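Please open the model in a viewer and keep the selection panel at hand. The stops below are arranged so that each selection can be made in turn.

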Amino acid sequence: MPAPRTRSEGGASAPKPINLALQGGGSHGAFTWGVLDRLLEDGRVNIDGICGTSAGAMNAVLVAHGLMHGGHDGARATLADFWERVGQLGAMLNPVAAMAGANPLANAGADPVLATQQWAMESFTRTFSPYQFNPLNLNPLRDLLATCVDFDALHGCDQVKLFLCATNVRSGKVRIFDNASLSVDAVMASACLPHLFHAVEIDGEHYWDGGYMGNPVLYPLFYQTTTRDVVVVMVNQIHRNEVPMTSAAIEDRVNEISFNSSLMREMRAVEFVSRMLSEGWLKPEFAKRMRSVLVHLIRADAFMATLSAASKISTDMDFLRALRDLGHASASQWLQDNHAALGKRSTIDLRREFLD
């Protein structure tokens, strides 16, 4: 089995370990594809653990599968294969959008075809449940993922620790699926929007999208890895300058706030613990039980702010590749600016970003 490719030429230091936290966001997960592709290509970091939700969970298992079957280059190839197939599947299932060239980038981030489809879909799902309009629970994305990832092999994966988040429908609690409990159903549970899909049943319990409880959750990275650096790849806006005025814009903003809320709570907890340690609030016997977590963000807020929520359902291949390229460029800039800080300090101000 090939080992992960590293940059050791010219006396360069060994790759630095990082944990990754991958948000969900539908087709915007192609931005994360680009980020991961660049990190793997660069070779100056090794991925210890990944927590992911929805599209983030899909990207996580794709990376793990690829690492097992070809190291860093294998992971890059697996990601590319999956996302290219998503574009092909979308063109087949949604020929109207494909023929209309429904690329949000061609219409200032808000393609009218996608907006109409989103409105029609939301109107329809307010009247009919997925148990009514899709009684056989068909989901082509599930079959595609099963084709791209060997889930049985992932149970023994020692290249990366995985933590995928889903929401238990009956208890309202978060469920974390790790390497040992992974399955294609676990990933689909993490991505299960309840207005579109049947709740996913696993071991007698039913699950919805993990974003309701964690987008993504971070705590498994703190307790089950030894790596301090957590790199969050964000595809959902936290801050917006404008106040939404239309019904669609209000609904979009409500969803953004809801799906970021758990991450913001965890970041506040991280900041609180870091402050207690740095300011000596704890007795030494208690302080040594705590870990000071170093937090980093890779994002493209200015660009993502131009995209409507409807663009999250776009599978236009030009759009997906553009997001990939944006993620690739954003990760390149982040590596240039922040690689030296890994293992030493956070590269964001947690209080300014998540508290003030």
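Select Glu256, which is buried at a relative accessible area of 10%; buried means under 20% relative accessible area, exposed over 50%, and partly exposed in between (1.4 Å probe, protein chains only). This is a predicted model, in which local features need pLDDT of at least 70 and side-chain atom pairs count only at pLDDT 80 or more, while totals for chains, interfaces and linings use all residues. Residues are numbered from 1 along each chain as its sequence is written, and side-chain values use heavy atoms, with hydrogens and water left out.

A salt bridge here is a side-chain nitrogen of Lys or Arg within 4 Å of a carboxyl oxygen of Asp or Glu. Arg253 also counts as buried, at 16% relative accessibility. Both residues belong to helix 11 (residues 247-278) and are 3 residues apart, about one turn of the helix. Helices (H or I, at least four residues) and strands (E, at least two) are DSSP runs, numbered from the N terminus.

Next, select residues 161-168, which make up strand 3. Of its 8 residues, 7 are buried, so strand 3 is largely enclosed by the rest of the structure. Two strands are said to pair if DSSP finds at least two bridges between them.

- Strand 2 (residues 45-52) pairs with strand 3 in the parallel sense over 4 bridges; the bridge partner of Gly52 is Leu164 in strand 3.
- Strand 4 (residues 174-178) pairs with strand 3 in the antiparallel sense over 5 bridges; Phe163 has Asp178 of strand 4 as its bridge partner.
- Strand 6 (residues 205-209) runs antiparallel to strand 3, joined to it by 3 bridges; here Asn168 is bridged to Tyr207.

Strands 3 and 4 form a hairpin with 5 residues between them, and Gly172 in the turn has a positive phi of about 75 degrees.

Now show the side chains of Glu205 and Arg170, which meet in a salt bridge (3.1 Å, N to O). Glu205 lies in strand 6 and Arg170 in the loop between strand 3 and strand 4, so the pair ties together parts that are 35 residues apart in sequence. Glu205 counts as partly exposed at 25% relative accessibility, whereas Arg170 counts as exposed at 65%.

Move to Gly214, in the loop between strand 6 and helix 10 (219-224). Is Gly214 buried or exposed? At 0% relative accessibility, Gly214 counts as buried. Leaving aside neighbours within four places in sequence, Gly214 is in contact (heavy atoms within 4.5 Å) with Thr53, Cys165 and Ser262.

In soluble globular proteins, nonpolar side chains tend to be buried together. A nonpolar core is a set of buried Ala, Val, Leu, Ile, Met, Phe, Trp, Tyr and Cys residues joined through side-chain atoms within 4.5 Å. The largest has 67 residues, and Val61, Leu145 and Leu154 have the most contacts inside it. Helix 2 (residues 55-68) supplies the largest share of this core, 9 residues. Apart from it lies another core, of 22 residues, among them Ile176, Phe222, Val270 and Leu350.

Centre the view on Leu145: not counting residues up to four places away in sequence, Leu145 touches Met58, Val61, Leu62, Phe82, Phe151, Val184, Val187 and Met188.

Select helix 1 (residues 29-42), whose 14 residues reach 20 Å from first C-alpha to last, close to the 20 Å expected at 1.5 Å a residue; the expected span is 1.5 Å times one less than the number of residues. Helix 1 is mostly covered, with 13 of its 14 residues buried. Just after helix 1, Gly43 takes a positive phi of about 80 degrees. Asp37, Arg38, Glu41, Asp42, Arg44 and Arg76 are linked in a network of salt bridges.

From Arg44, step to His339, whose contacts beyond four places in sequence are Lys16, Arg44, Val45 and Trp334. His339 is placed in the loop between helix 14 (317-338) and helix 15 (350-355), and counts as buried at 10% relative accessibility.
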